[in-house]
Amino acid sequence: MRVLTYSDYDEMSAAAARMIASRIAQLPEPVLGLATGSTPIGMYSELARIHDEEGLDFSRTTTFNLDEYWGLAPDDPRSYKWFMKGHLFSRVNLDPARTHVPRGVDVDPDAECQRYERLIEESGGIDLQVLGIGMNGHIGFNEPGADPNSRTRLVRLAQQTVDVNRAKGGLDSLPGYALSMGIGTIMEAKEILLLANGEGKAEIIRRALRGPVTRDVPASLLQTHPNVVCMLDKPAAKLLDLP
Ligand code: GLP
């Protein structure tokens, strides 16, 4: 795993956006895996800026989001579909038919998860998967204990995850379940970009990058992936003993 540190959040976000922009420019039909949460917001803004000011063309790009809350409609401001529209989809020239987020309502969950896996496969697989990390080491919504071979499925969220995400969003309520790509799905991405910022993430980043590979810390499983870049701001990297 390549670990890169940046002096602050803006620098980390700019570097992450540059990496994505270069894949979009290089690949004939780029397929991106996308994440939500507060971490990638700066990266999405920077991608929108590169689109506006440098003409980065998203029209050949396909995207797959990691997860969606089970029970939230796409026009619910708490949904990840809504988040993606606001932060990226409406700001660049992505073809709506090529942007995919699992559907959290009006579907049979198992059928929806199978459909999602099929779509990823039919697209040729994910070239670059962006990941944040939860306070308990979750990636996507794969909570501690998740099967390393898991595929897209309905998952129950840890109470800590619901509480943290509710507090961050200033929300009264959030569902306790979600549809999430599995760890097996994520590990099939050709390249992974893991992002974390802020001192609050320092301990979980230390466990994920330097601790044992264990399903108790889902992000630690990334140590076994051959092509991971981890971008951190200084506070998130502070327990790593980097030169
Ligand atoms: C949610 C998402 C994860 C994300 C995590 C971290 O739980 N499902 O994909 O990585 O939040 O969020 P934040 O970036 O706000 O710390």
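Contact here means heavy atoms within 4.5 Å. In this predicted model, leucine 88 is a handy place to start: setting aside neighbours within four places in sequence, leucine 88 touches Leu34, Tyr44, Leu47 and Leu94 in that sense.

Together with Leu47 and Met231, Leu88 has the most contacts inside the largest nonpolar core, a set of 60 residues. The top contributor to this core is helix H1, spanning residues 9–26, which puts in eight residues. Another core, made up of nine residues, lies apart from it; Tyr80, Phe141, Leu157 and Ala178 are among its members.

Now for the open spaces. The largest pocket holds about 660 Å³. Its lining counts 35 residues, and those closest to the pocket centre are Thr36, Gly37, Ser38, Tyr80 and Asn165. At least two lining residues each come from strand S4 (67–69), helix H3 (80–89) and helix H5 (159–169), with H5 giving the most, six residues. Sorted by class, this lining has 16 nonpolar, 15 polar and four charged residues. Tyr80, then, belongs to the nine-residue core and also sits among the residues closest to the centre of the largest pocket.

The second largest pocket has a volume of about 190 Å³. It is lined by 13 residues, with Pro74, Lys81, Val101, Pro102 and Arg103 closest to its centre. Strand S5 (99–100) and helix H4 (109–122) are the elements that give two or more residues to this lining. Its makeup by class is six nonpolar, three polar and four charged residues.

How values were computed
Residues numbered from 1 in each chain as written. Predicted model: local features only at pLDDT ≥ 70, side-chain atom pairs only at ≥ 80, totals over all residues. Heavy atoms only, no water. Core = buried A, V, L, I, M, F, W, Y, C linked by side-chain atoms within 4.5 Å. Buried < 20%, exposed > 50% of the residue type's maximum accessible area, 1.4 Å probe, protein only. Helix = DSSP H or I, 4+ residues; strand = E, 2+ residues; numbered from the N terminus. 1 Å grid on protein atoms, 1.4 Å probe; cavity = no way out; pocket = protein on both sides within 12 Å on 5 of 7 lines; lining within 4 Å. Points joined across faces, edges and corners; volume = space filled by probe spheres on them. Nonpolar A, V, L, I, M, F, W, Y, C, P; charged D, E, K, R; others polar.
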